[in-house]
Amino acid sequence: MEIIPSKPYPTNSRAELRVFDKLRESFVHDFSYLAFHSLNLTRHTTKRFGEADFVLINKFGLFVLEVKGGGVKHENGIWYTVNRYQESHRIQDPFRQAETALHAIQNEIRQSCEFPHLRLPVGYGVIFSDIEWNQKSSEWDRNTICDRNNIKNFERWLKRFFNYWQSKPANKNGLNSKNIADLKRFLRPDFELTEPLHAVLSKLEDSAVQLTEDQYKYLDIVAANKRVLCSGGAGTGKTFLAAELARRLGDEDTSVVFVCKSNWLRCYLEPRIHSEYVTLSTIDSALIDKKRVAIETYDVLIVDEGQDLFNLEDIEVLESLLSGGLKKGEWYIFHDVNNQAGLFPGSDENQSKEIMEYLKDYAPVNIPLTTNCRNTKNILDKIQKTLQLDMGNKGTGTGPEICESRATTDNAAEILKNEIKHLLSYGVPADSITILSPLTYEKSLVSALPKQLSKKIIKLDDFSVRSFPPAGISFSEIKNFKGLENEVIIVVDLTEPIPLQKKSEKTNHYVAMSRARGLLCVIWND
């Protein structure tokens, strides 16, 4: 028997996997017998989306098999599955499932207009792979049921099953080899279509959302401690955790100040943290904001992108904001001192590490975030290989290959133009694309684009970042985009890093490349 696909689709049903193996062992070398695993049904009569566990096609006709593992219970017309702990959960009537799936396939075939004269013999059955079936009812026929005893000699049961349905008056004709080949091609055709890039990115985005939700477990650890240093590479969810912690504490009527360096990050978070008890400030505006809300000191201090504030002047400001200061107060500092220090004036890697040692004197709990919940494995591998910097593990799955180009002064703008056109032509939404440069817009490669294209690119600012992403391709300096991300990142105006380059000289590369959730495009300068 030929089974399509040749390996079972991923499934949590051990019963389905067992039946798959039994089908493969049946009618060996007779490829006039076909079986499809997990056939989608687009015209199901009772469900928006339907699926048949197994569909069989052979000279006897077309048949649907529904598979149920574990125990089952039927009570007052309701079906239940029963696990080994005798816990029961309601399920659909398996006979009804098989029958409606069969009808959906019949309707699909009839409405296709490809089989105008075909009188299709059909039937359905239910496989209870783990139990012995000894129940009688007018609602089912024992010949349509395969239990744990029947499955031991599955081919023999199949022959009896086919003969049972062939005995029905409407099923006398059977199918010839052409009918079988045509139905195979119709129900599960062989073809090759390239998955649209935008569809790949959409799936990766769903995965990233799920992984980000996994980070909630860390909130309980953070909330159980009064002072926390939470470290993690780009993409490990630091900003997400910091914002969620602020929301939760604000809901408890606790006065919270959330401090960061970047005004863009503050503007981005403002519409996402709705609480009268939470004040969002940059380190430069924190003292003024404190007066504005008429508060002497805050109950809790939360700092995001802490490595940008690890200098004596900013630490003194943080001390003055918090009730009890850093020594006795409640504070949570999220940072990446190992990889992202030194982007802003007044901070460098050595001073950041000194401040870290200073903070450790106040006995904070150290929580390392190691699971990357933003980037694909391709992006993680590229950054780790190119920069020799840690990006955490896991990622959101295998995504598109990195788009990497090396440009000269003469052809760089042309390469960027073609890259943008390529992305848009493959259905990638414009708002999913952000161009990052260490330079201002006017000095960056973007300014050399044809006017027709450059005028469509939105320069991010304090206002537009509040509703990020804007309705179009966006541009930002790398240092201002910390804490933010987008589906597609195009990095320009950076030279390709070399293996012996100092870590501090790779910070722009690290921050820019790690902003991409799904696709990273890099145009290296010569």
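## Charges, pairs and patches

The protein exposes about 25600 Å², and 48% of that area comes from carbon and sulfur atoms; accessible areas follow the Shrake-Rupley method with a 1.4 Å probe, and for residues only the protein chains shown count as cover. You are looking at a predicted model, in which local features need pLDDT of at least 70 and side-chain atom pairs count only at pLDDT 80 or more, while totals for chains, interfaces and linings use all residues. Residues are numbered from 1 along each chain as its sequence is written, and side-chain values use heavy atoms, with hydrogens and water left out.

Let us start with the overall picture. The protein has 16 helices and 23 strands; these are DSSP runs numbered from the N terminus, with helices being H or I of at least four residues and strands being E of at least two. Of its 526 residues, 53% count as buried, where buried means under 20% relative accessible area, exposed means over 50%, and partly exposed lies in between (1.4 Å probe, protein chains only). Among contacts with a separation of 6 or more, 69% join residues 24 or more positions apart, a contact being heavy atoms within 4.5 Å.

Now to the charges. Side chains of opposite charge can pair when their charged atoms come close. A search of the whole structure finds 24 salt bridges, each defined as a side-chain nitrogen of Lys or Arg within 4 Å of a carboxyl oxygen of Asp or Glu.

Glu 244 counts as buried at 12% relative accessibility, whereas Arg 247 is partly exposed at 24%.

Asp 253 is partly exposed, with 48% relative accessibility. Together with Asp 251, Glu 252 and Glu 276, Asp 253 belongs to a patch of negative charge on the surface. Patches are made of residues with over 30% relative accessible area and no salt bridge, like charges being joined within 9 Å; Asp and Glu count as negative and Lys and Arg as positive, with His and the chain ends not counted. The place of a charge is taken as NZ of Lys, CZ of Arg, CG of Asp or CD of Glu.

Glu 270 has two partners. With Arg 266, its closest N and O atoms are 2.5 Å apart; with Arg 466, they are 2.4 Å apart. Glu 270 sits in the loop between helix 8 (263-269) and strand 12 (278-282), and Arg 466 in the loop between strand 20 (458-459) and strand 21 (474-477), so this pair ties together parts that are 196 residues apart in sequence. Arg 266 is buried at 16%, while Glu 270 is partly exposed at 26% and Arg 466 is partly exposed at 33%.

A further network of salt bridges links Lys 382, Glu 404, Arg 406 and Glu 496. Lys 382 is one of the buried residues of helix 13 (residues 377-387), which also include Ile 379, Leu 380 and Ile 383. Just after helix 13, Gln 388 takes a positive phi of about 55 degrees.

Finally, Lys 421, Lys 451, Lys 455 and Lys 456 form a positive surface patch. Lys 456 lies in the loop between helix 15 (451-454) and strand 20, and counts as exposed at 54% relative accessibility.

Key
Patches are made of residues with over 30% relative accessible area and no salt bridge: like charges are joined within 9 Å, nonpolar side chains (Val, Leu, Ile, Met, Phe, Trp, Tyr) within 5 Å.
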